[in-house]
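Visitor: I'd like to learn how to read a structure feature by feature. Can you walk me through one?

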Amino acid sequence: MNEPDHLIPTYARQPLAFSHGEGVWLTDTAGNRYLDALAGIAVSALGHAHPAMVQALQDQAAGILHTSNLYRIPHQEALADRLCDLAGMEAVFFCNSGAEANEAAIKLARLHGHRQGIEEPRILVMEGAFHGRTLASLAATGNPKAQKGFGPMPAGFVRVPYGDADAVAAHADDPNVVAVLVEPIQGEGGIRVPPPGYLPALRRLCDQQGWLLMADEVQTGVGRTGNWFAYQHDAVQPDVVSLAKGLGGGVPIGATLVAGRATALFGPGSHGSTFGGNPLACRAALAVISTIEAEGLTANAAARGEQLATAFRDGLANGDGVITVRGRGLMLGIELDRPCAVLVERAREAGVLLNVTAERVVRLLPPLILTAAEADDLADRVTKLIRSFLAE
Ligand SMILES: *Cc1c(COP(=O)(O)O)cnc(C)c1O
């Protein structure tokens, strides 16, 4: 394939493209088939060409694609009802991506501060965090390489180590802190799972201090970790939740959910989005949610995740070079003791699409519809690949 002539090269793209998919399988333009263990980075929750999605989108396209937030949008209202019910939240603002969902969260936190007379509100953010590429979400992101060249970064973020509630508590006497923004499991940061009790400790601190607890569930949300939302494993209720990725099953949509003190902050004119929550995107998300429910896919994500993690622990435990297998549900990382980006290409050659993040972590984010037989197949192929890589 020739290099593209007219694309700004912001991505180091792999030299292939796909023509179609079915379930967890993708077919490239040369006719090769791949087991998709990446799902477009945790997006294709129902895999590819799921009949419920196809039906919903065809039906919606034949009716109405877009109107405007100048009018009421029944599918948006229905989706907000479903999300609030599942998430234990009170209201939703819809946008189109994870970065935008976090931008809204950041604006909410600042409003929360200004309402109390705090002129320069600060948000506590984590080392290794990823929150997006817009300027404020980039400032919240804990990756100096991603920020390089784009300064000055918006102010108002204070970084602390991830997984360390004491490091957050150490800011309790800073009167300008208004919120904590945290991924329940860090995705881009290397599938980092915080120690037990971390989110509950953050919840208690936020309650004591009057801070907003803001959970970035863009990657972990909508069933991926085996619960609708990852914070539900800890029975914690955030004040703000950001969603995107899996929510639309491949149709772009983001959402910022609010509860309690965060609910009454935005009013008419304080935030907006032309496309946000349009009829097509909301119809897609409604189909994703009802299919996850109908097919029991949160439970499936939990079971397949256990199956994969066990297979990797058994198959790789004796091999020198594997540091740990971690994650929750179908969000799994295998950390090696050496950089392993080359595994992306080798896996592809072996018919598996996966990803390597934080240099040494093989990341698996397969569709939630993965069957037990497909999980066995995946575990088998990835175990062999890693074993032969480590044996070199
Ligand atoms: C991917 C991701 C984002 C950014 O989402 P975009 O849709 O690419 O803007 C934000 N937060 C987390 C945790 C993510 O994984």
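Guide: Let's start with Pro152, which is found in the loop between helix H6 (144-147) and S6. Helices (H or I, at least four residues) and strands (E, at least two) are DSSP runs, numbered from the N terminus. Residues are numbered from 1 along each chain as its sequence is written, and side-chain values use heavy atoms, with hydrogens and water left out. Bear in mind that this is a predicted model, where local features need pLDDT of at least 70 and side-chain atom pairs count only at pLDDT 80 or more, while totals for chains, interfaces and linings use all residues.

Visitor: Is the peptide bond from Gly151 to Pro152 cis or trans?

Guide: Most residues other than glycine have a negative phi, and most peptide bonds are trans. The bond from Gly151 to Pro152 is cis, with omega near -5°.

Visitor: And which residue has a positive phi although it is not a glycine?

Guide: Ala39 has one, at about 55°, and its place is in helix H1 (residues 39-42). With a relative accessible area of 0%, Ala39 is buried. Buried means under 20% relative accessible area, exposed over 50%, and partly exposed in between (1.4 Å probe, protein chains only). Ala235 also has a positive phi, near 50°, but Ala235 sits in the loop between S8 and S9 and counts as exposed because its relative accessibility is 74%.

Visitor: Now sheets. In what order do the seven strands of the open sheet come?

Guide: Strands of a sheet pair through backbone hydrogen bonds, either parallel or antiparallel. Two strands pair here if DSSP finds at least two bridges between them. The order is S4-S10-S9-S8-S7-S5-S6, with mixed pairing. From one strand to the next, the twist averages 20°. Axes are lines fitted to C-alpha atoms, for helices over the stretch in contact, and angles run from 0 to 180 degrees between N-to-C directions.

Visitor: How many bridges join strand S5 (residues 122-126) to S6?

Guide: Four, and the two strands run parallel. Met126 has Val160 in S6 as its bridge partner. Helix H3 (residues 74-87) packs on this sheet, touching S4, S9 and S10, and its direction makes about 125° with that of S4. Contact means heavy atoms within 4.5 Å. H8 lies across S5, strand S7 (177-182) and strand S8 (212-216), at about 165° to S7.

Visitor: Which way do strand S11 (residues 322-328) and S12 pair?

Guide: Antiparallel, over six bridges. They form a hairpin with two residues between them, and Gly329 in the turn has a positive phi of about 60°. Val325 stands opposite Ile334 in S12. S12 is also joined by four bridges to strand S15 (residues 361-364), again antiparallel, and Gly333 has Arg363 in S15 as its bridge partner.

Visitor: How many aromatic pairs does the count come to?

Guide: A pair of aromatic rings is described by the distance of the centres and the angle of the planes. Rings of Phe, Tyr and Trp (its six-membered ring) pair if their centres lie within 6.5 Å; planes under 30 degrees apart count as stacked, over 60 as edge-to-face and the rest as tilted. The count comes to four aromatic pairs. Tyr162 and Tyr198 have ring centres 5.6 Å apart and planes at 75°, so they are edge-to-face. Tyr162 lies in the loop between strand S6 (157-160) and helix H7 (165-169), and Tyr198 in helix H8 (residues 198-209), 36 residues apart. Both Tyr162 and Tyr198 are buried. Phe229 and Tyr231 are stacked, because their planes are at 10° with centres 5.8 Å apart.

Visitor: Last one: where does UniProt place "modified residue: N6-(pyridoxal phosphate)lysine"?

Guide: The unreviewed UniProt entry puts that feature at Lys245. UniProt positions are given in the numbering used here, feature names are shortened, and annotations may be inferred rather than shown by experiment. In the model, Lys245 lies in the loop between strand S9 (240-243) and strand S10 (254-258) and counts as partly exposed at 21% relative accessibility. Beyond neighbours within four places in sequence, the contacts of Lys245 include Ile41, Ala42, Val43 and Glu188.
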